[in-house]
Amino acid sequence: MTPDLLKQGAQRVAERLEKTNTDTESGGREASYGRVSTPGEVDVSHGRILYLEDVSVSFDGFKAINKLSLDIAPGELRCIIGPNGAGKTTLMDIITGKTRPDEGQVFFGSTIDLLRHNEPEIAQLGIGRKFQKPTVFEHLSVFENLELALKTPKGVKASMFSKLDSAQSDRLAEVLHTIHLADSVLAQAGNLSHGQKQWLEIGMLLMQDPKLLLLDEPVAGMTDHETERTAELFLSLKGKHSLMVVEHDMGFVKTISDIVTVLCDGSVLAQGTLDQVQADERVIEVYLGR
């Protein structure tokens with residue numbers, strides 16, 4: 001895309017940001033936020049958006065996941081905690097198609113068998129994943145990073161001559177507000193703080209309209225203020241998206257999560273509110289300590 005077109009696009013977004021501030025109490029957020037637009041619509045009529053049953057996977061004889069069963073409701077914010085080596089990352093790898101289990105079932109909604117799809121297909125179905133270290137295009141602006149994440153043709157010609165339409169501009173403006181970067185739309189991504197880079201990458205995922213977000217240690221390395229803002233961000237996404245958050249910061253987990261799942265040795269050790277799992281003797285023994 002040429003500099004002139006980028007400048008024009010950024011200006012349109014800035015104008016829509018002003019409009020968004022005055023439209024509604026909720027900032028003009030549309031009720032259709034997070035809609036999947038690809039074939040294979042996610043069926044959540046049975047009250048579950050993610051379902052795993054008796055999933056196991058071994059690496060060179062080591063059972064990383066062992067008969068694990070887990071389910072998440074639409075719009076739920078679930079935290080996954082546990083000691084190092086408990087299987088948290090492998091669980092996310094299985095859901096996103098990076099790792100194939102030896103046995104078990106993994107369904108997205110009632111009808112989509114994730115084990116029949118590869119990583120790109122799973123992303124297109126509406127599952128977005130964020131790794132611990134932020135991955136953004138540091139030499140591009142916040143606006144350009146979010147624009148690149150739009151579900152649009154990525155060929156050279158399309159990129160050079162494309163312009164944001166009204167719906168895309170509204171979407172980008174909405175995401176900028178959501179990730180607390182509305183005042184940094186033209187800032188170079190490489191100049192952002194660590195926390196802001198994390199928010200930008202989450203924003204790039206949101207531009208893909210995911211139904212389910214997998215977030216790996218999102219507040220690691222953040223300041224206290226950034227951690228608080230990230231909690232606000234996640235709570236604002238709850239209900240519009242389903243979130244699975246792997247985290248070690250118990251203060252952050254307490255702020256955002258209704259249900260906490262504790263993994264140990266590749267299977268579910270305990271599940272409930274944070275207070276309930278913190279009082280569980282097994283959890284204290286293997287993870288929290290005395």
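Predicted model: local features only at pLDDT ≥ 70, side-chain atom pairs only at ≥ 80, totals over all residues.
1. Threonine 261 stands opposite glutamine 271 in strand 10. Strand 9 and strand 10 (residues 267-272) run antiparallel to each other, paired over 5 bridges. They form a hairpin, with 2 residues between the strands. One turn residue deserves a look: aspartate 265 has a positive phi of about 55 degrees.

2. Strand 9 also pairs with strand 3 (residues 77-81). Here the sense is parallel, and there are 4 bridges. Isoleucine 81 is placed opposite valine 262 of strand 9. As for burial, 5 of the 6 residues of strand 9 (residues 259-264) are buried, so the strand is largely enclosed by the rest of the structure.

3. Next, helix 7. Its length checks out. At 1.5 Å a residue, its 13 residues should span 18 Å. The end C-alpha atoms of helix 7 are 19 Å apart, which agrees.

4. Is helix 7 enclosed or open? Of its 13 residues, 11 are buried, so the helix is largely enclosed by the rest of the structure. The buried residues include Lys197, Gln198 and Glu201, along with Trp199, Ile202 and Met204. The cover over these buried positions includes strand 6 (127-130), helix 4 (142-148) and helix 6. Strand 7 (212-216) and helix 8 (224-237) are also part of that cover.

5. The largest nonpolar core has 49 residues. Leu146, Leu200, Phe234 and Val245 touch the most other members. Helix 7 supplies the largest share of this core, 6 residues. A second, separate core has 29 residues, among them Val57, Leu68, Ile72 and Ile112.

6. What does leucine 146 touch, leaving aside neighbours within four places in sequence? Its contacts are Leu172, Val175, Leu176, Ile179, Leu200, Gly203, Met204 and Met207. Leu200, Gly203 and Met204 are also among the buried residues of helix 7.

7. Leucine 192 sits in the loop between helix 6 (166-178) and helix 7 (194-206). Is leucine 192 buried or exposed? Its relative accessible area is 8%, under the 20% limit, so leucine 192 counts as buried. Not counting residues up to four places away in sequence, leucine 192 touches Val142, Ala187, Lys197 and Leu200. Lys197 and Leu200 are both on the list of buried residues in helix 7. Leucine 181 is 11 residues from leucine 192 along the chain, and their C-alpha atoms are separated by 9.9 Å.

Conventions
Residues numbered from 1 in each chain as written. Heavy atoms only, no water. Buried < 20%, exposed > 50% of the residue type's maximum accessible area, 1.4 Å probe, protein only. Contact = heavy atoms within 4.5 Å. Expected span 1.5 Å × (residues − 1). Core = buried A, V, L, I, M, F, W, Y, C linked by side-chain atoms within 4.5 Å. Pairing = 2+ DSSP bridges.
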